[in-house]
Amino acid sequence: MEEYYSQLTGAALRVKSTATMGKGLFAERDFDAEEVILIEEPLFAAQHSHNKNDAVVCGFCFRYVGSIQLQIQRKLEAPETQSCCYHEEEDEEEDHHRHGVSSEEALALLKGDGFSLPHGDKFLLPEVVKCSGGCSEIYCSKSCAQRAWHDHHSLLCDGVSQHRDELVLFKEFADETNDIFHLASKVAFACFFVLRLCFTFSVQLIAKVMLRTKKLSESSGVTDRNALLEAWKPFAMGEKRLWWEAVALPDDVDPLEEASFRSQIKELAEASLSQLKAALGEPEFAPLFSLEIYGSIIGMFELNNLDVVVASPVENYFLYIQDLEPALKEQTEQITRPLFEALGEKYASFCQGSGFFALHSCINHSCEPNAKAFKRDEDINGNAVIIATRKIMKGEQIFTSYIEEEDLSYTERQAMLSDYGFACECTKCFREKNQS
Ligand SMILES: C[S@@+](CC[C@H](N)C(=O)[O-])C[C@H]1O[C@@H](n2cnc3c(N)ncnc32)[C@H](O)[C@@H]1O
């Protein structure tokens, strides 16, 4: 384990076992407060499907692409209720920000002959590079397109896949799972959302392992079995539990119904696995398609998934306009105001996804953390960035907080963390537990 992680950490960090929390990430040198501890690319990641109109980004590194004009156009074209997190109150609030300019009117302006967004040249974005296989995936550069292709996309691209129909069926199955649940709607929603995410992730992970296995057995001549074990290594390291055992029991499920809830989830995984087998299963990869492995892949996401967030250049653009000197601002807003008004709250919506990060997922929780995930202005892609929140000395373990409410009481914090499936063993909890 330490050897595998040492290839990823470099000299400043180390992954090693802890007494009570499994493995953890440790500082191998001092870090100053506010210093960047880690910048890490995801092993795999995906933009949430409901976010695709809010942010047009590279399918590999999540950088915004095209132009500010294209980004605004996509936001305006998005159907009103496309978000999975649709809240009526938010929509009402959004309406207050609109002053009678409809999306259609704003789009007509944007697409009008000779329209050019004032000061758009101060916010240049990389040109859109289309997938060479002919599907709808887009990238910010040829290099990202090639990396995605070799990493997983050559097995999944609609334009070239021999199993296109099966992949579509698998995806549709995930999309329709909310009908399968007979329990309360909140439960259905939570599991539905996880399963959709897991569709994207499991196919990406499995395609990635298959392609890497093929490459390893071609280049080094090792047996398929050994190559498969080597390709699986990054995921073998991730903390895993079977999904149907790891998932927290939702509040609205009667504890007496727990066994039935877990067995429904297991059946769901089983059914989705048979779709996945039809789409990607090749005999030499049979071990990847067992229910135990599939359940633990989904369980690993459940335990280790991290948000992928990229700030919006559209928000920065409108902030820039707002800060122009008064005469220029007035002149510019003659053109941009209708767009701003039609966008409403959407002007600030940003890129959202989830990802699996080899090192970030080794960071344990503390209710008095010494680090946090933080994006600086220059962090314009989906990489995770961890910074120190105080001076950290060589040898200390790096901790972030998994919850936002670190000031709550011991009992309240433990209750929140039980949703993550563990009892917190951090120094603050240890102190407070012994005081009470
Ligand atoms: C994202 S993983 C962190 C890495 C993990 N320790 C490992 O071995 O892979 C989260 C898991 O680490 C353990 N963990 C993290 N913080 C903890 C804490 N404060 N107290 C006890 N266990 C903790 C729990 O098992 C939790 O489910």
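**View 1. The open sheet of three strands, E4-E8-E7.** In the order E4-E8-E7, three strands make up an open sheet whose pairing is antiparallel. Strand E4 (44-47) and E7 stand at the edges with a single partner strand each, so one side of each has no neighbour in the sheet. Direction ignored, neighbouring strands of this sheet are turned by 30° against each other on average. E7 and strand E8 (residues 351-356) run antiparallel and are joined by five bridges, and valine 309 stands opposite glutamine 352 in E8. Two strands are said to pair if DSSP finds at least two bridges between them, and helices (H or I, at least four residues) and strands (E, at least two) are DSSP runs numbered from the N terminus. The model is a predicted one, in which local features need pLDDT of at least 70 and side-chain atom pairs count only at pLDDT 80 or more, whereas totals for chains, interfaces and linings use all residues. Residues are numbered from 1 along each chain as its sequence is written.

**View 2. The protein as a whole.** The protein has 15 helices and 12 strands. Of its 436 residues, 32% are buried; a residue is buried if 20 or more other C-beta atoms, placed from the backbone, lie within 10 Å of its own, exposed if 12 or fewer do, and partly exposed in between. Among the contacts in the protein with a separation of 6 or more, 73% are accounted for by residues 24 or more positions apart, where a contact requires that the C-beta atoms of two residues, placed from the backbone, lie within 7 Å.

**View 3. Asparagine 305 in the loop between H11 and E7.** Asparagine 305 lies in the loop that runs between helix H11 (291-304) and strand E7 (306-310). Is asparagine 305 buried or partly exposed? Asparagine 305 is partly exposed, because 18 other C-beta atoms lie within 10 Å. Leaving aside neighbours within four places in sequence, asparagine 305 is in contact with Ser354 and Phe356. The C-alpha atom of asparagine 305 is separated by 8.1 Å from that of phenylalanine 357, a residue 52 residues apart from it along the chain.

**View 4. Helix H11 packed against helix H10.** Helix H10 (residues 258-280) and H11 pack with their axes 10 Å apart and at an angle of about 110°, the axes being lines fitted to C-alpha atoms over the stretch in contact and the angles running from 0 to 180 degrees between N-to-C directions. H10 is therefore roughly perpendicular to H11; angles of 65 to 115 degrees count as roughly perpendicular, those under 35 as roughly parallel, those over 145 as roughly antiparallel and the rest as oblique. Ala269, Glu270 and Leu273 of H10 meet Leu291, Tyr294, Gly295 and Ile298 of H11. By class, the residues of this contact are five nonpolar, one polar and one charged, with Ala, Val, Leu, Ile, Met, Phe, Trp, Tyr, Cys and Pro counted as nonpolar, Asp, Glu, Lys and Arg as charged, and the others, Gly among them, as polar.

View 5. With helix H13 (residues 326-343), the axis of H2 comes within 10 Å and crosses at roughly 40°, so H2 and H13 are oblique to each other. Here the contact is made by Ile72, Lys75 and Leu76 of H2 and by Leu339, Ala342 and Leu343 of H13.

**View 6. Strand E11 and its partners E3 and E10.** Strand E3 (residues 36-40) pairs with E11 in the antiparallel sense over four bridges, and glutamate 40 has alanine 384 as its bridge partner in E11. Strand E10 (residues 371-373) is also antiparallel to E11, joined to it by three bridges, with alanine 371 opposite alanine 388 in E11. In a regular strand the side chains alternate between the two faces of the sheet. Strand E11 (residues 384-388) has a covered face made of Ala384, Ile386 and Ala388, and an uncovered one made of Val385 and Ile387.
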